[in-house]
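This report is meant for a reader meeting the structure for the first time. It takes up a few places in turn, and the view below can be kept at hand while reading.

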Amino acid sequence: MVLSANPAIDQQISLIKSPDLGDHLSSIPTIDLSSSNSPETIVQACKEFGFFKVTNHGVSMDLVEKLEAEAVKFFAMPQSEKEKSGLSNPFGYGSKKIGINGDVGWLEYLLIATSAEPFCESSIAFLRDPSFSSFRSALYDYISSMRKLNCQVLEVMADGLQLEQRDTISKLVQGSECDEIFRLNHYPACPLLQGFNGGLTGFGEHTDLQLISVLRSNSTSGLQIALSDGRWVLVPPDPEAFFINVGDSLQVLTNGRFRSVKHRVVANSLESRVSMIYFGGPPLAQRIAPLPQLMEEGEQSLYKDFTWGEYKGAAYKTRLADYRLEPFQL
Ligand SMILES: C=C1C[C@]23C[C@@]1(O)CC[C@H]2[C@@]12CC[C@H](O)[C@@](C)(C(=O)O1)[C@H]2[C@@H]3C(=O)O
Ligand SMILES: O=C(O)CCC(=O)C(=O)O
Ligand SMILES: [Fe+2]
């Protein structure tokens with residue numbers, strides 16, 4: 001990625017001051033998926049932070065590293081080659097612009113609709129090229145393990161919420177009709193920032209729209225989450241673990257018991273960050289409404305009735321930092 005020939009776009013990327021030193025979370029809530037108390041700890045983390053780290057997840061690091069290496073190879077290609085992969089509309093290669101509503105950041109990315117058939121390839125035609133066969137196969141392996149992990153996490157949540165059927169939530173994101181998206185993000189180091197106590201906006205503040213997002217990054221820091229009092233804190237990277245964001249749809253399904261977490265990424269001066277995020281969305285026609293099993297007597301829904309397709313359609317027309325659930329609140 002290069003500074004733009006037209007500097008206007010680079011000038012629009014805002015600087016972010018580092019949170020104060022005291023604003024490191026003493027510890028990120030961590031869910032050990034092999035532990036018997038994971039249902040209770042997961043619910044606590046979803047209520048308090050909308051965010052947690054998952055360990056003992058059973059995903060092979062070999063498979064993760066293979067995809068990371070393919071991503072690094074892709075982003076190291078000349079700009080003109082990357083652009084031949086199809087500019088993001090929204091799927092394909094994108095640089096600095098996120099969406100069409102004015103959001104910009106110090107990043108480049110590949111956005112892929114992985115549920116579309118043939119798996120992975122229809123939204124990114126270049127993946128069909130034989131020269132990308134190792135990328136394609138690493139991506140296939142990674143997505144199938146993310147589908148499993150996504151369901152496993154949602155089932156532990158269902159246990160913690162004491163839902164009788166542990167697939168009550170996970171079944172919403174399974175099957176060929178599901179609206180599944182995968183994002184590979186690359187935040188190049190930005191040496192011009194040296195000496196500045198902070199960084200450039202990599203990915204501006206937002207909440208994710210789906211139920212949960214499963215995020216993995218290399219060992220470069222940059223991810224920050226907002227606490228319920230609005231303070232931003234840094235999330236120490238852990239390449240061996242996965243981080244889970246509660247998204248807006250899960251906030252609605254739990255009638256606000258779980259909070260979707262506001263987060264952002266800050267690019268730094270010395271090292272580049274590579275992240276991979278799996279977003280398991282429901283079918284477009286899926287109704288997103290509080291689960292009746294969770295509602296207490298007399299409890300009213302906090303939200304209007306809507307489908308995932310309606311929510312996504314409305315959210316894609318807004319800016320990242322907008323509170324996209326607002327028009328859907330009662
Ligand atoms: C129009 C857009 C909204 C979105 C960024 C995009 O350019 C296309 C993908 C959208 C998506 C889907 C997954 C996440 O919920 C999200 C935060 C992301 O990284 O990409 C959203 C973006 C958004 O909510 O604005
Ligand atoms: O790159 C990251 O670490 C997070 C990016 C993100 O929040 C997103 O793609 O929705
Ligand atoms: Fe996000």
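## Ala314 and its surroundings

Leaving aside residues up to four places away in sequence, Ala314 touches Arg324 and Pro327. The model in which these contacts are found is a predicted one, and in it Ala314 belongs to helix α7, which covers residues 308-315.

Is Ala314 buried, exposed or partly exposed? Ala314 has 15 other C-beta atoms within 10 Å, and it is therefore partly exposed, since a residue counts as buried if 20 or more such atoms lie within that distance and as exposed if there are 12 or fewer. Between the C-alpha atoms of Ala314 and Glu121, which are 193 residues apart along the chain, the separation is 26 Å.

## Helix α2

Helix α2 runs over residues 38-48, and its buried residues are Ser38, Ile42, Val43, Ala45 and Cys46. When the helix is seen down its axis, these buried residues of α2 fall within an arc of 165°, so they line one face of the helix. An α-helix has 3.6 residues a turn, so residues three or four places apart point the same way.

The buried residues of α2 pack against the strands β2 (30-32), β3 (51-55) and β11 (242-246), as well as against helix α5 (133-160). After α2 comes Gly50, which has a positive phi, near 70°.

## The shell around ligand 1

Ligand 1 is surrounded by 14 residues, of which the closest are Pro90, Gly99, Asp208, Leu209 and Tyr316.

Technical notes. Residues numbered from 1 in each chain as written. Chains lettered and ligands numbered in written order. Predicted model: local features only at pLDDT ≥ 70, side-chain atom pairs only at ≥ 80, totals over all residues. Helix = DSSP H or I, 4+ residues; strand = E, 2+ residues; numbered from the N terminus. Arc of directions from axis to C-beta. Contact = placed C-beta atoms within 7 Å. Near = placed C-beta within 6 Å.
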